[in-house]
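This report covers strand pairing and surface pockets in one protein model. The sequence and structure follow.

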Amino acid sequence: MRFDGKTVLITGAASGMGYLTGKCFVEEGGRAVLTDIDAEALERAVESLNAIREDCAIGVVCDVRDYAQVCAARDRAVERFGSIDLLVTMAGGAETRIKQAYGEFPDIPIEVYDWGLDVNLKGQFYFDHAVARQMREQKSGVIINIGSITGEEGSPGCVAYATSKSAAMNGLVKSVAQFGMPHGIRCCCVAPGPVLTRPAMANMKTLAGRAAEPQEIVDLILYLASDKAAFITGTTILIDGGRNVMFNKN
């Protein structure tokens with residue numbers, strides 16, 4: 001799967017699977033536009049990719065909750081590389097963990113849930129909307145949104161995250177795919193189960209008896225982005241080691 005001459009725009013790309021996606025894309029001949037809210041980490045990530053191949057990556061500091069910043073990131077990508085061939089909306093996270101707000105559903109401040117919905121749902125929606133304009137102009141492109149096994153299971157501890165990663169994401173992906181096909185645009189969702197991006201993930205049970213390595217998730221993303229997946233659009237692919245079909249997850 002070579003991506004020579006192709007450009008990927010990735011959110012949440014200063015670390016973790018966002019960074020790994022950019023690194024693998026560059027190693028396969030492509031160019032990467034990394035966005036993140038953490039300016040220092042973003043600078044380090046871009047330097048690392050440019051060490052692989054000179055001038056193959058740029059960084060744009062972006063808060064996915066701000067549509068003006070989202071459009072600015074899109075415009076910078078096109079200005080620098082001329083196209084956006086792949087969008088991967090990796091930015092996100094469980095609001096109660098990130099905001100360190102614990103308790104039962106009605107006891108969590110609504111501002112915490114606002115943050116979760118804004119980052120996990122609206123952030124992906126904003127980037128899909130902004131980048132779809134460019135892809136329509138190009139008459140080509142692939143959009144890959146990120147869901148989660150939590151969207152299938154629900155979670156009393158991170159309700160906004162579960163809401164964003166379930167039917168809401170499914171509806172977004174199906175709708176963007178329906179819009180996109182006449183314009184040569186595909187849209188899919190990758191919904192991981194536990195991934196070893198945090199040690200706690202290793203404690204989540206799967207039929208496979210382990211959590212996924214980040215590379216396994218990125219490999220699926222790259223496959224969906226490639227011409228090998230030209231017949232796949234409008235669907236969510238759960239990559240969870242069989243967790244969703246387990247009878248006992250405790």
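## Strand pairing and crossover

Ala32 lies opposite Ala57 of strand 3. Five bridges join strand 2 (residues 31-36) to strand 3 (residues 57-61) in the parallel sense; pairing requires at least two DSSP bridges between the strands. From strand 2 the chain passes through helix 2 (residues 39-52) to strand 3, a right-handed β-α-β crossover (clockwise from the first strand over the helix to the second, with the strands pointing away from the viewer). Helices (H or I, at least four residues) and strands (E, at least two) are DSSP runs numbered from the N terminus.

The model is predicted: local features need pLDDT of at least 70, side-chain atom pairs count only at pLDDT 80 or more, and totals for chains, interfaces and linings use all residues. Residues are numbered from 1 along each chain as its sequence is written, and side-chain values use heavy atoms, with hydrogens and water left out.

## Largest pocket

The largest pocket holds about 1300 Å³ of space. A pocket is an open set of points on a 1 Å grid over the protein atoms alone, where a 1.4 Å probe fits, with protein on both sides within 12 Å along at least five of seven lines; lining residues have an atom within 4 Å of a point. Its lining comprises 47 residues, of which Gly92, Gly93, Ala94, Arg97 and Ile98 are the closest to the centre. By class, 22 are nonpolar, 16 polar and nine charged.

## Second largest pocket

The second largest pocket contains about 320 Å³. Among its 17 lining residues, Lys6, Val142, Ala225, Ser226 and Asp227 are the closest to the centre.

Notes. Points joined across faces, edges and corners; volume = space filled by probe spheres on them. Nonpolar A, V, L, I, M, F, W, Y, C, P; charged D, E, K, R; others polar.
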